[in-house]
Amino acid sequence: MTKLTLTEQEELFVKDCKLINLRYEYTNYTGKEKWAVVTELTEKELRKKYPDIIKRYTPFVLLSMAQGEVINEADRNDDKYEKRAKRTLDVYGYEDDISEQFHRELITPFADPFEQAEEERFEIEKEQLRRMEIEKVRKVLAMMKPIQKERLCKVVLLGLSSRKIAQEEGINYNAVDKSIKAAKKNFKKYYENL
């Protein structure tokens, strides 16, 4: 039997197998295998028939077509129930804010004073942190070389590209690009050490 080309292997592989990216489909998955291969072929047959392709997906979990169909059916059901839940709201349910949307008389006009004080304290702390961060950024920018600071601000605040800045300054693009990379590196170093 002659060995199939990579293109031939890919075309046949798509017909014989279905791939499931385990880490994408199952967010809490922690196994070492990244892929599940759904096929009627055995692992030995897979490795013999598609040696170049199967290397890409190794290590993998091998599933039969019946097992793959169970997964597909579960996915279809999840999707169906999710769509149904979006279409129909339980007006008599006890989910947060749902009942109040349909029954205005359930809305209480007064907020809990302790909760309100906690929210106000949180907002004040958040504003203080924001001001401290702004001050820290100002200090870091003051420590930088003027040309690096100017170029970094053009990239970050104005969204200009290295090429556009080089055009404006009438200099070589590579020099501007290196300057911006150095500015980012210096900013990070100064920021972490401040």
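## Strands, salt bridges and a charged patch

Asp 112 lies in the loop that connects helix 6 (98-102) with helix 7 (113-143). The model is predicted, so local features are reported only at pLDDT of at least 70 and side-chain atom pairs only at pLDDT 80 or more, while totals for chains, interfaces and linings use all residues. Numbering starts from 1 along each chain as its sequence is written, and side-chain values use heavy atoms, with hydrogens and water left out.

**Overall make-up**

The protein chain holds 10 helices and 3 strands. Helices (H or I, at least four residues) and strands (E, at least two) are DSSP runs, numbered from the N terminus. From the N terminus on, their order is α-β-α-β-α-α-β-α-α-α-α-α-α. Of the 194 residues in the chain, 21% count as buried. Buried means under 20% relative accessible area, exposed means over 50%, and partly exposed lies in between (1.4 Å probe, protein chains only).

**The strands**

Strand 2 (residues 35-38) has partners in strand 1 and strand 3. Two strands count as paired if DSSP finds at least two bridges between them. Strand 1 (residues 18-21) pairs with strand 2 in the antiparallel sense, over 4 bridges, and Lys 18 stands opposite Val 38 of strand 2. Strand 3 (residues 60-63) runs parallel to strand 2 and is joined to strand 2 by 4 bridges; here Trp 35 faces Phe 60 of strand 3.

In a regular strand the side chains alternate between the two faces of the sheet. In strand 2 both faces are covered: Trp 35 and Val 37 are buried on one side, and Ala 36 and Val 38 are buried on the other.

**Salt bridges**

How many salt bridges does a search of the whole structure find? The search finds 16. A salt bridge is a side-chain nitrogen of Lys or Arg within 4 Å of a carboxyl oxygen of Asp or Glu. The table lists some of them.

| Salt bridge | N to O distance |
|---|---|
| Glu 69 and Arg 76 | 2.6 Å |
| Lys 126 and Glu 123 | 3.8 Å |
| Asp 177 and Lys 181 | 3.4 Å |

Glu 69 and Arg 76 also belong to a network of salt bridges that includes Glu 73. Glu 69 is partly exposed at 39% relative accessible area, and Arg 76 is partly exposed at 43%.

Lys 126 and Glu 123 both sit in helix 7, 3 residues apart, about one turn of the helix. Lys 126 is partly exposed, with a relative accessible area of 44%, and Glu 123 is likewise partly exposed, at 42%.

Asp 177 and Lys 181 are separated by about one helical turn because they are 4 residues apart in helix 10 (residues 173-193). Asp 177 counts as buried at 18% relative accessibility, whereas Lys 181 is exposed at 55%.

**The negative patch**

Asp 112 forms a negative surface patch together with Glu 115, Glu 119 and Glu 120. Patches are made of residues with over 30% relative accessible area and no salt bridge; like charges are joined within 9 Å, and nonpolar side chains (Val, Leu, Ile, Met, Phe, Trp, Tyr) within 5 Å. Lys and Arg count as positive and Asp and Glu as negative, with His and the chain ends not counted. The place of a charge is NZ of Lys, CZ of Arg, CG of Asp or CD of Glu. Accessible areas come from the Shrake-Rupley method with a 1.4 Å probe, and for residues only the protein chains shown count as cover. Asp 112 is partly exposed, at a relative accessible area of 38%.
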